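Let's take a walk through a protein together. Keep the picture open beside you and follow along as we go.

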Amino acid sequence: MAASKQTRYVDVSNPSLAVECPRCGLMTARFVDLCRNCGYKLWPSSVMASAAFRAWRAPDPERRSEVSRFDMDYPVHIDNTIDYVARAHELGIHLSPPSNWPFVICFGLLFLSLAAIPFAATARIVLAVIGGLIFLGGVVGWVVIEDTRMFPSDSPQQEIHH
Ligand SMILES: [Zn+2]
């Protein structure tokens with residue numbers, strides 16, 4: 001049979017990515033031209049195998065577009081997202097809520113550290129006061145205001161013992 005440039009017939013209804021090698025009998029990638037185990041030529045050329053893969057992928061693009069022709073299995077999607085807030089509540093761990101206040105605290109620390117540079121005394125005092133106020137504001141906002149809003153019923157809940 002003369003080598004044709006046409007795509008060799010491929011059974012697109014078969015969703016399998018692996019095929020049994022006719023020579024060694026082991027499973028190998030269906031759209032790679034050579035058997036991975038014994039090197040048996042499954043396709044006349046790599047180009048043809050690739051063309052067959054593209055033809056096979058067309059009828060079911062949603063599922064088949066995410067595989068490579070070198071794969072033997074479809075990727076497994078595992079939903080391993082964890083709700084850490086719910087998990088911490090379950091375990092009784094006090095988790096600080098996500099907050100922007102640490103940025104304020106760091107901003108205050110910037111002025112406080114500038115006050116540590118030996119400038120003129122008044123400039124240092126002004127910097128220290130500004131830094132101290134921003135820093136304390138950040139601490140109060142984070143620990144007192146936001147945290148108690150997040151966990152309002154930490155203490156009043158009392159357990160009843162029989
Ligand atoms: Zn083989």
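We begin with the overall layout and then turn to a few places in the chain.

Keep in mind that this is a predicted model: local features need pLDDT of at least 70 and side-chain atom pairs count only at pLDDT 80 or more, while totals for chains, interfaces and linings use all residues. Residues are numbered from 1 along each chain as its sequence is written.

The protein has 5 helices and 2 strands. Helices (H or I, at least four residues) and strands (E, at least two) are DSSP runs, numbered from the N terminus. Starting from that end, the order of elements is β-β-α-α-α-α-α. Of the 162 residues, 9% count as buried. A residue is buried if 20 or more other C-beta atoms lie within 10 Å of its own, exposed if 12 or fewer, and partly exposed in between, with C-beta atoms placed from the backbone.

In soluble globular proteins, nonpolar side chains tend to be buried together.

Let's stay with H1. The buried residues in this helix are Ala49, Ala52, Phe53 and Trp56. Viewed down the axis of H1, they fall within an arc of 105°, so they line one face of the helix; the arc is that of the directions from the helix axis to the C-beta atoms. These buried residues pack against helix H2 (61–64). Two residues are in contact if their C-beta atoms, placed from the backbone, lie within 7 Å. Leaving aside neighbours within four places in sequence, Ala49 is in contact with Phe31, Val32, Asp33, Trp43 and Arg69.

Next, find Tyr40, in the loop between strand E2 (27–29) and H1. Is Tyr40 buried or partly exposed? Tyr40 counts as partly exposed because it has 15 C-beta neighbours inside 10 Å. Not counting residues up to four places away in sequence, Tyr40 touches Cys21, Pro22, Arg23, Cys24, Leu34 and Cys35. Tyr40 and Cys21 are 19 residues apart in sequence and 7.6 Å apart in space, C-alpha to C-alpha.

Finally, move along to Gly132 in helix H5 (residues 121–150). Gly132 is partly exposed, with 14 other C-beta atoms within 10 Å.
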